[in-house]
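Let's take a friendly walk through a protein, from its overall build to its surface and then to its inside. Have a look at the model below before reading on.

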Amino acid sequence: MTEPNHNPSPVLRNRVIVPVAYSGPIDFGRRAAVIRLFGWRLSMRVDLLSLGAGFILLLLAGVIGTVSLASGKFPIPLADVLGALLGNSDDDIRMVVVEWRLPRLLLAFLLGTALGLSGAIFQSLTRNPLGSPDIIGFSTGSYTGALVVILLFSGGYYATAAGALAGGIVTAAAVYLLAYRNGAQGFRLIVVGIGISAVLGALNAWMIRQADLQIAMSAAIWGAGSLNGLGFEQFWPVLLMLILIVPFVLVLARPMRQLELGDDAAMASGLNANRLRLMLMIGGVALTAIVTAAAGPIAFVSLAAPQIARRLVRAAGVALVPAALTGGLLLTAADWGAQHGFGVQLPVGVMTVSIGGLYFLWLLLREARQ
């Protein structure tokens, strides 16, 4: 007597059980919550591990930021710092905390998030942890564009920002075209980008040597990557540009995940792989150009932040939002160390290069073993 076939039964093929149907939930080992907005017409799936990691990153950045606001040649108690932020302090403390130290802190976090997000984009596109804009050469190209405006045209802040954006886009286009052979492979992009970065680095050094001494010194100091002297005049344009660019990039997060599976899989799901890759590259270059225009080229944050964030959230691929928050935390901590760690204010780029160089060496050894 045979049992009635009420449920889909396994099919035996060479003693291998192959289920032909399954109606239960599939657990991939990650917990997620669904957030519904605007009268339940818009829903968003949020990974709880990423949400918790993001909260911790923001908390750490807040702690370091509070200590940074209280530190300096004029130390301020934490209670007075909070009072100044709330508007309950005298004019001298408010001037130091709100007008001098706060804009630098906010810029450090915003520029760090831009670097982390840009690094996540390019590491996803190249499918390689070495694929960050400062390694591929896009940061160097942005620096070249800014130098052309500064040295040849004596441009101001907005002209320098436009020059950095143009330089980054031209460099990205050159790398993409030179690396394109029936598609842009990640390893080829990295190798071509390193070569173009070396050429542009030599060009930048030559332009600085040919410039007037005062302008060359200013350009060289700015080229180290520094937040010294930045205030709300630089903060508001940076915030406005990030408000325009970051949502555009985050909208492309899900198609970017499909692109990580390969062009064939992405096109099979209805995506235009080349157009999507171009849009992501433009977004990543724009984020890098914003940082370069505001503070000069700051190295290694975009290289390290996505990989640190990936390990924090235990993700299979690069996670955009955790990478952005990790970048903000790293640059905030690096700027505090550059201000107070050595008894003299240093450009934050010196701190990131010193620490990031060790990370880069470890990453190269790890990739070589694999």
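Helices (H or I, at least four residues) and strands (E, at least two) are DSSP runs, numbered from the N terminus. F55 is found in helix 1, so keep that numbering in mind. What you see is a predicted model, in which local features need pLDDT of at least 70 and side-chain atom pairs count only at pLDDT 80 or more, while totals for chains, interfaces and linings use all residues. Residues are numbered from 1 along each chain as its sequence is written, and side-chain values use heavy atoms, with hydrogens and water left out.

Start with the whole protein. Its secondary structure comes to 15 helices and four strands. Of the 370 residues, 46% are buried, where buried means under 20% relative accessible area, exposed means over 50%, and partly exposed is in between (1.4 Å probe, protein chains only). The accessible surface comes to about 20200 Å², and carbon and sulfur atoms hold 66% of that area; such areas come from the Shrake-Rupley method with a 1.4 Å probe, and for residues only the protein chains shown count as cover.

Now back to F55. Is this residue buried or exposed? F55 is exposed, because its relative accessible area is 57%. It also belongs to a nonpolar surface patch of about 650 Å², made together with I56, L59, L60, V63, V67 and W336. A patch consists of residues with over 30% relative accessible area and no salt bridge, with nonpolar side chains (Val, Leu, Ile, Met, Phe, Trp, Tyr) joined within 5 Å and like charges within 9 Å. A salt bridge is a side-chain nitrogen of Lys or Arg within 4 Å of a carboxyl oxygen of Asp or Glu. Helix 1, residues 48-70, gives the most to this patch, with six residues.

For a contrasting case, find T144 in helix 5, residues 138-153. T144 is buried, because its relative accessible area is 11%. Leaving aside neighbours within four places in sequence, T144 is in contact (heavy atoms within 4.5 Å) with L200, L203, N204 and M207. Across the protein, 71% of the contacts with a separation of 6 or more join residues 24 or more positions apart.
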